[in-house]
Amino acid sequence: MGRVKKNFTISSKMIFTVLVILCVALIIVSYLFADLLSPVKTAVGNFFVPMQKGIATVSSGISDKLRIFSDKQDLIEENDRLTEEINELKTEMQILIHQEYELTWYRDLYENDSVYQNAEKVAARIISRNPNGSCDMFVIDKGEEDGIKRDMNVLAGGGLVGIITDVGKNWAKVRTIIADDSSVSGRFQPTSDTCIVKGNLRRMDDGYIDVEMINLNAEVYDNYEVLTSYISDKYLPGILIGYVTNIQKDPSELNKRAYLTPVVDFEHLEAVLIVKTLREDLEGFE
Amino acid sequence: MMIIIKAIIILIEIIIAYLLQTSVFTELRLADVVPDILMILTASLAYIFGKKTGILTGFVSGMLIDCTYGSLIGLYALMYTVVGYVAGYAHKVYDENDYTLSFFIVGGSEFLINLMYYILFYFLKGDLDLGHFLVRYLFPRVIYTVLISIILYRLINMNNSLFYRLSKSIKKEKRVTVFNGFNVDDDRQDI
């Protein structure tokens with residue numbers, strides 16, 4: 001009995017040591033070779049997504065029921081349909097507004113703007129979010145089977161939500177522009193000055209993310225629109241990101257920085273649109 | 001045999017906890033935080049069964065988060081494994097009928113994992129504002145997690161006592177076989 005007990009304590013410490021070493025090794029491996037472990041991620045995703053889809057369906061069904069009494073169910077369905085339509089129309093409208101603007105002022109320079117207007121789009125529902133509660137990542141219910149690929153742009157309500165980072169059989173992971181490790185190359189709408197839009201989860205508590213690397217001489221004022229720029233290699237040009245406020249000099253005195261209010265309400269996002277055109281496919285686009 | 005049944009039961013519990021955390025409670029956010037269901041499970045099982053179970057549960061739970069939401073595989077697994085190990089020390093004072101102590105253990109574990117989270121995700125990135133992290137993330141998370149654990153710990157503990165009853169009945173059968181003179185060594189290993 002005494003021998004058995006001794007073995008037990010040793011083995012619990014041993015398991016602990018082995019697992020900690022394994023974890024550290026995995027961290028190093030996944031840091032050095034990011035793609036090596038992606039099949040594992042995909043497999044885990046494929047296992048959980050059907051269940052999460054089920055829960056999402058059930059919970060949205062329950063919340064629909066709770067939201068209003070059953071005799072108004074038809075109204076809810078119609079409302080949902082209309083909301084989706086409004087979202088699509090908003091996207092459409094943003095494109096048109098920008099196109100008109102560009103046509104009036106920059107006809108010669110940017111005649112090919114709003115490439116994503118005619119691009120094929122897919123609507124998808126959010127089925128799970130980052131377990132730590134922040135809105136920096138979520139999983140949608142469309143994947144390879146629906147033609148989703150890595151680096152496709154994700155929109156909602158006429159604005160940029162983020163980009164696809166991982167794709168499984170019938171799911172895909174989206175990293176939003178408010179995530180700390182996200183940075184999007186942008187430009188200001190009337191003046192075309194360039195900037196970098198960086199995610200900042202902490203500032204997002206107040207509803208802002210960061211805009212950095214604005215030229216000191218750039219003429220930028222509050223409430224200017226920020227769109228994705230032409231020099232980005234992953235984001236399609238001309239997608240609205242948000243509105244700029246609180247412009248000030250960077251502590252380095254080399255450029256200016258500002259806050260940006262995203263157009264998308266990340267907290268209450270339920271469905272998104274994915275543009276099926278990749279930036280790298282836009283050959284001949286200048 | 002018992003260990004396989006136990007492993008399967010715990011695995012199912014982990015999967016349920018994971019689904020609750022990613023799909024159900026993300027819709028039930030309070031003060032923008034999600035209760036850490038996997039942490040409740042890891043700490044409770046470590047408290048009920050001891051270090052070994054705590055470590056393994058923590059490792060599997062952390063691995064799940066890593067594989068679906070982590071950028072580096074192994075970070076969350078490391079944090080949950082450490083917490084499972086530390087919470088396992090509380091097994092010495094485990095009492096099946098005492099519910100109060102479990103809240104302190106779950107709360108303490110949540111505090112510990114958030115401190116590790118702060119060090120790994122904020123401190124090493126150069127964000128030294130611990131006060132903001134405490135008020136904005138740590139305290140809400142600990143409070144919400146402990147609140148949810150009031151319900152969940154009962155379920156986990158109930159499950160555990162069911163499991164014990166099952167294992168006792170199997171042991172009784174074994175004792176009968178011992179009584180009849182079969183395979184005495186088998187029983188000794190089971191202790």
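Which element gives the largest share of the lining of the second largest cavity? In this predicted model, that share, 5 residues, comes from α2(A).

**Cavities**

Across the whole structure, the search returns 3 cavities of 30 Å³ or more. The largest cavity holds about 150 Å³ of space. It is lined by 15 residues, and those closest to its centre are N132(A), D36(B), Y76(B), Y80(B) and R141(B). Two or more lining residues are given by each of two elements, α4 (75–88) and α5 (100–121) of chain B. Of the elements, α5(B) gives the most to this lining, with 4 residues.

The second largest cavity contains about 80 Å³ of space. Among its 13 lining residues, G45(A), V49(A), V139(A), W171(A) and T68(B) are the closest to the centre. At least two residues of this lining are supplied by α2 (38–67) of chain A, and likewise by α3 (51–69) of chain B.

**Helix packing in chain B**

A packed pair of helices is described by the angle between the axes and the distance between them. In chain B, helix α1 (residues 2–24) packs with helix α2 (residues 37–49) at an angle of about 155 degrees, and their axes lie 8 Å apart. Angles over 145 degrees count as roughly antiparallel, and α1(B) and α2(B) are therefore roughly antiparallel to each other. On the α1(B) side, the contact is made by K6(B), I10(B), E13(B), I14(B), A17(B), Y18(B), L20(B) and Q21(B). These residues meet I37(B), L38(B), L41(B), L45(B) and F49(B) in α2(B). Sorted by class, the contact comprises 10 nonpolar, 1 polar and 2 charged residues.

**Salt bridges**

Side chains of opposite charge can pair when their charged atoms come close. Over all chains, the search of the whole structure finds 9 salt bridges. One of these joins R81(A) to E85(A), with the closest N and O atoms 3.7 Å apart. Where do R81(A) and E85(A) lie? Both belong to helix α3 (residues 73–106) of chain A, where they are 4 residues apart, about one turn of the helix.

Key: Residues are numbered from 1 along each chain as its sequence is written. Chains are lettered from A and ligands numbered from 1 in the order in which they are written. This is a predicted model: local features need pLDDT of at least 70, side-chain atom pairs count only at pLDDT 80 or more; totals for chains, interfaces and linings use all residues. Side-chain values use heavy atoms; hydrogens and water are left out. Axes are lines fitted to C-alpha atoms, for helices over the stretch in contact, and angles run from 0 to 180 degrees between N-to-C directions. Angles under 35 degrees count as roughly parallel, over 145 as roughly antiparallel, 65 to 115 as roughly perpendicular and the rest as oblique. Contact means heavy atoms within 4.5 Å. Ala, Val, Leu, Ile, Met, Phe, Trp, Tyr, Cys and Pro count as nonpolar, Asp, Glu, Lys and Arg as charged, and the others, Gly among them, as polar. On a 1 Å grid over the protein atoms alone, a cavity is a set of points where a 1.4 Å probe fits but cannot get out, and a pocket is an open set with protein on both sides within 12 Å along at least five of seven lines; lining residues have an atom within 4 Å of a point. Grid points are joined across faces, edges and corners, and a volume is the space filled by probe spheres set on the points. A salt bridge is a side-chain nitrogen of Lys or Arg within 4 Å of a carboxyl oxygen of Asp or Glu.
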